[in-house]
Amino acid sequence: MNLTGLAALGIVGISVVLLIVLSLLHRRTPFKFRDMPIYSRLRRAIGLAVEDGTRVHFALGRGSIVTPAAASTLVALSALQRVGERTAVSDNPPIATAGDGALAILAQDSLSSAYDSAGALDLFDPDSARAAGLTPFSYAAATIPILHDENISTNVVMGSFGMEAALIADSAERENIFTLAASDQIPAQAVLFATTPDALIGEELYAAGAYLQSGPMHSASLAVQDLLRWGIVGVIVGGALLKLLGVL
Amino acid sequence: MRLRFKGLFSTAIAIAIGAIILLGALLPVGGLVAIRAVLLQWAVILAAVALVVGVFNLLRVHYGRISAREKGSFYSILLVVFMLITVTLGLFLGPTDPTVMLLFNAIQVPVEASLTAVLAVTLLYASVRLLRWRTDLVAVIFIATAVVILLGTAPLPFLGSVPVLGDLIRPFVAQVLAAGGARGILMGVALGTLTTGLRILFGADRPYGSK
């Protein structure tokens, strides 16, 4: 086994231990994270959508589950399930669009689970999760009419998107639809920063589960990320100092 | 009860396969690597089948819109007709046939290129609107950086490249500041990816739908 593999295995092992310990600690004393107004605004927008009978649209992007983009896609699916649980009994159920066949199936499963959890499985419509388009711009072109025609008041753009996300976010902005936008790709983050007031930057996307109260494991995983980040900062600064002193 | 058993079974399968894939990547032991390769091949095949299911799903949604005569169903008719024509031609003539390629090059490519042009205009307009909702220092730095990079990259009429901007400031911003920031963001994304993967391995996140 090479050194890189061993180091990676060590990081995974440390993360597993931290995840278990912090998850147990969180059950005793819930952690307090910094305030992120974007997620508060999302919760409020979802509540308003249920009250006034409008829809929530969830754009899941084009991240395939067999590519490295799978993580952001899985976070988005988890958030979709949480949003689905809160809006299942609404007059106008949520709509999820995907740019990948497998993702559309997973979105259907996530929404079905959400309806089941809300005790409203009989209200679930499989067509509420659909594959909109299979290339970046065809996906954006197919999603924009949904924002116009389907009585949408809240739009969540979350997953793996390229720059086409700007077209969806801008279109929602013109319709005065609340939009929360997040992508794992840096160019998409840059264009979303310019097109919507509620864009998540960097790893804020991976905090969705913790801020949407998806369970202790989500809060623990966010705490693990913070601890590992401090570890990495320490290693980088320490390495730079040792290099400066001529030790390395 | 049956549903609960199904959920447990799918969760156990997902956790076991996830663990094999992870260990196969980190511990390159003969048997483990071979099993991992086979499982990944299966995943790719399943993803391809899911693509076909996705196309059928798209067809069903638009057929429903046409049947219900919803607003914009004319576009759904166009989509279904052209989808059937493309699939039929692709199946009988093959995907590399000049007629099929013509459909792709004459319709799909220009439409996507046009949307890229629309994106450029959208971004220009969005950057103008940006200061409407973000009146902080970050927004000002964002716009100033975009202007500096644009002026430093594109040759200006009658002037050519701007001396200090093009060969000193732009490379510093792009290769030092932006690259440093991007590395920081990517590190955060990597940590998020790691913990998301572990949640799946623990069965805390189950995107395959079981409760």
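The expected span of a helix is 1.5 Å times one less than its number of residues. Helices (H or I, at least four residues) and strands (E, at least two) are DSSP runs, numbered from the N terminus. This is a predicted model, in which local features need pLDDT of at least 70, side-chain atom pairs count only at pLDDT 80 or more, and totals for chains, interfaces and linings use all residues. Residues are numbered from 1 along each chain as its sequence is written, while chains are lettered from A and ligands numbered from 1 in the order in which they are written.

Helix α9(A) has 29 residues, and its first and last C-alpha atoms are 42 Å apart, close to the expected 42 Å. A residue is called buried if 20 or more other C-beta atoms lie within 10 Å of its own, exposed if 12 or fewer, and partly exposed in between, with C-beta atoms placed from the backbone. By that count the buried residues of α9(A) are A:Met217, A:His218, A:Ser219, A:Ala220, A:Ser221, A:Leu222, A:Ala223, A:Val224, A:Gln225 and A:Leu228. Two residues are in contact if their C-beta atoms, placed from the backbone, lie within 7 Å. The cover over the buried residues of α9(A) includes α1 and α8 of chain A together with α6 (163-202) of chain B. After α9(A) comes A:Gly246, with a positive phi near 80 degrees.

One of the buried residues of α9(A), A:Gln225, is touched by A:Glu203. A:Glu203 lies in the loop between β6 (199-200) and α8 of chain A and counts as buried, with 24 C-beta neighbours inside 10 Å. Leaving aside residues up to four places away in sequence, A:Glu203 also touches B:Gly188, B:Val189, B:Leu191 and B:Gly192. Its C-alpha atom is separated by 9.3 Å from that of A:Ala182, 21 residues apart along the chain.

Helix α2 of chain A (residues 37-52) has 16 residues and reaches 22 Å between its end C-alpha atoms, close to the 22 Å expected. Its buried residues are A:Tyr39, A:Leu42, A:Ala45, A:Ile46, A:Ala49 and A:Val50. Seen down the axis of α2(A), these fall within an arc of 135 degrees, so they line one face of the helix; the arc is that of the directions from the helix axis to the C-beta atoms. On the other side of α2(A), A:Pro37, A:Ser40, A:Arg44, A:Glu51 and A:Asp52 are exposed. Among the elements that cover the buried residues are β1 (55-61), α3, β4 (152-160), β5 (178-183) and α8 (208-211) of chain A. Just after the helix, A:Gly53 has a positive phi of about 70 degrees.

Helix α6(A) has 8 of its 10 residues buried, so it is largely enclosed by the rest of the structure. The cover over these buried residues includes β1, α5, β4, β5 and α7 of chain A together with α4 (98-133) of chain B. A:Asn176 follows α6(A), with a positive phi near 55 degrees.

Positive phi values also occur in loops. A:Asn151, a residue other than glycine, has a phi near 60 degrees and is found in the loop between α5 and β4 of chain A. A:Gln213, in the loop between α8 and α9 of chain A, has a positive phi near 50 degrees. A:Asn151 is partly exposed, with 15 other C-beta atoms within 10 Å, and A:Gln213 counts as partly exposed with 13.

The contact between the chains takes 60 residues from chain A and 53 residues from chain B. The largest share of the chain A side, 11 residues, comes from α4(A). By class this side has 35 nonpolar, 15 polar and 10 charged residues, where Ala, Val, Leu, Ile, Met, Phe, Trp, Tyr, Cys and Pro count as nonpolar, Asp, Glu, Lys and Arg as charged, and the others, Gly among them, as polar.

Two packed helices are described by the angle between their axes and the distance between the axes. The axes of α4 (residues 101-117) of chain A and α2 (residues 30-67) of chain B come within 6 Å and cross at roughly 70 degrees. Axes are lines fitted to C-alpha atoms, for helices over the stretch in contact, and angles run from 0 to 180 degrees between N-to-C directions. Angles under 35 degrees count as roughly parallel, over 145 as roughly antiparallel, 65 to 115 as roughly perpendicular and the rest as oblique; α4(A) and α2(B) are therefore roughly perpendicular to each other. The residues of this contact divide into 9 nonpolar, 3 polar and no charged. B:Gly54, in α2 of chain B, is buried, with 23 other C-beta atoms within 10 Å, and touches A:Asp100, A:Gly101, A:Ala104 and A:Ala131, not counting residues up to four places away in sequence.
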